[in-house]
Amino acid sequence: MSDLEKAAAAVGTLAGAPQDPFPAYAQLRRSAPVFFDDALDMYLISRYEDCHRVLSSPQVRVPDHQWHDRILPDWRAHPAAVWCFTSLPFEGHASHARIRRLVNKAFTKRRVESLVPAIQQVVTGLLDTLEEQGSGDTVVDLQDVVGFRLPVAVIASLVGVPDTDLPRFRWVFGDILRVMDLVVDDATLARADAAMVEVRDYFTELLRYRREHPADDLASGLLAASDEDGDRLTEDELLSLVILLFTAGFETTTLTIGTGTYALLSDPGQYALLRDDPARAAGAVSEALRWDCALHRVIRVTDRPVQIGAVEVPGGSVIAPLLGSANRDPEVYENPDRFDIQRAGPRPLTFGGGAYVCLGNALAQTELEVYFAELSRRFPRLELAGEPERRRGYVRGLDTLPVTLGRPAVAPAVGAGPGTLSCPHHSAGPVG
């Protein structure tokens, strides 16, 4: 079998959304690191250096509506596709810069820093609940008790969603994001559309409520944001942004909590390193983001011919930097399949790059650092208690993570109850 045939077989495997895509990534890096697939009509980029350059290059842009017309001709008839393909990550450079400038007026460094004590309080409360449910070596689902509830509580506080409404969001965003899979069937589209209608209706009502009852939250800040020329976000931009911030604020962080904790517990030596020195939490976060990121692929389009590795890619081509592959490139990371919280090397490409770097990356890293440090301090004998349920598709991660706690090393600190944030707007009452 030739290298191109091996690469084509690897892409075929990836199109099936395998639980373990890393052997296929390795095959692509060896056989054809810049590979054009006829069926997908795109170039797949699998090496770190090439992906990094593509993400930062002014010669490439995000896909426009014409491209989506080509790959999904009826996408405008699907609410989930309309939101995904017209949200901020798919805005052209000028529009993206304008919207991001306005978002930055509300999503300030001060607002993020102000959440740190609340994050610490939520982590304490959730680990209290984990200890209660896991007493006596009872198997407990860490992903349900902590993985979902921590990020959703934090982003709900930031955006302005009342605590009482949080359970309804456990699964809907995962359904919506399936429209980004390499191959999407009718049943997947139907589930995504139903979920999107529910989410769109909810956040439309949230914005209406916050317009009438402003609070110290991001939804209110976005409603009020304007620049020096009086430019403001349109109603459609506001709705799309609030949904995006809420989605990105918990879905990917939830999945990173699961995969990172699973990786730590799969190698007791790594968990011992963290337990013995919780200051290594930053390294644990960086490695969790590298080892198996929640989003393994992004899409870009070339405006004109561009050299990527040894291949000249024509103008008007679609390219897919495979972030999950780049983050395990052995040319960049020694023994890349091993989880190592003391790893040296460049930052993983998990949050993207260039002008389109993830807006909430600092908030996500802060949440994860607090969580990993406190988890290892509270539960030094934490162990896996069976195989987790894995999610397949464009968004990767764990839906469950069964563990046993052993005997806690320290008494829990006195803090807020699970999912509670000390933010005044959480008493504003139900919305929708």
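Hi everyone. Two strands pair if DSSP finds at least two bridges between them. With that in hand, let's start with a pair from this predicted model: E9 and strand E12, residues 402-404, pair in the antiparallel sense over two bridges. Within that pairing, Leu384 has Val403 of E12 as its bridge partner.

Those strands belong to an open sheet of three strands, in the order E4-E12-E9, with antiparallel pairing. Its edge strands are E4, residues 140-141, and E9, residues 383-384, and each pairs on one side only.

There is another sheet to look at. This one is open as well, with five strands in the order E1-E2-E8-E5-E3, and its pairing is mixed. Strand E1, 34-37, and strand E3, 60-61, stand at the edges with a single partner strand each, so one side of each has no neighbour in the sheet. E1 runs antiparallel to strand E2, residues 42-45, and four bridges join them.

What sits in the loop between E1 and E2? Asp41 does, and its phi is near 55 degrees, a positive value in a residue other than glycine. For background, most residues other than glycine have a negative phi. Ala17 is another case, with a positive phi near 50 degrees; you'll find Ala17 in the loop between helix H1, 3-15, and helix H2, 22-31.

Staying with the five-stranded sheet for a moment, which helix lies across E1, E2, E3, E5 and E8? That is helix H3, residues 48-56, and H3 runs at about 125 degrees to strand E8, which spans 318-321.

Now to helix packing. Two packed helices are described by the angle between their axes and the distance between the axes. Take helix H9, residues 142-159, and helix H13, residues 235-266: their axes come within 9 Å and cross at roughly 155 degrees. Angles over 145 degrees count as roughly antiparallel, and therefore H9 and H13 are roughly antiparallel to each other. The crossing of H9 and H13 is right-handed.

If you'd like to click through that contact, the H9 side includes Leu142, Val146, Phe148, Leu150, Ile155 and Val159, while the H13 side includes Val242, Phe246, Phe250, Leu255 and Thr261. By class, the contact of H9 with H13 has 15 nonpolar, seven polar and no charged residues.

For another helix pair, turn to helix H14, residues 268-276, and helix H17, residues 361-378. Their axes come within 8 Å and cross at roughly 95 degrees, which makes H14 roughly perpendicular to H17. H14 brings Tyr271, Leu274 and Arg275 to the contact, and H17 brings Phe372, Leu375 and Ser376. In the contact of H14 with H17, four residues are nonpolar, one is polar and one is charged.

Last topic: salt bridges. How many salt bridges are there in the count? The count comes to 20. One of the pairs is Glu235 with Arg211, where the closest N and O atoms are 2.8 Å apart. Glu235 lies in helix H13 and Arg211 in helix H11, residues 186-212, so this pair ties together parts that are 24 residues apart in sequence.

Key
Residues are numbered from 1 along each chain as its sequence is written. This is a predicted model: local features need pLDDT of at least 70, side-chain atom pairs count only at pLDDT 80 or more; totals for chains, interfaces and linings use all residues. Side-chain values use heavy atoms; hydrogens and water are left out. Axes are lines fitted to C-alpha atoms, for helices over the stretch in contact, and angles run from 0 to 180 degrees between N-to-C directions. Angles under 35 degrees count as roughly parallel, over 145 as roughly antiparallel, 65 to 115 as roughly perpendicular and the rest as oblique. A crossing is left-handed if the near helix is turned anticlockwise from the far one by less than a right angle, and right-handed if clockwise. Contact means heavy atoms within 4.5 Å. Ala, Val, Leu, Ile, Met, Phe, Trp, Tyr, Cys and Pro count as nonpolar, Asp, Glu, Lys and Arg as charged, and the others, Gly among them, as polar. A salt bridge is a side-chain nitrogen of Lys or Arg within 4 Å of a carboxyl oxygen of Asp or Glu.
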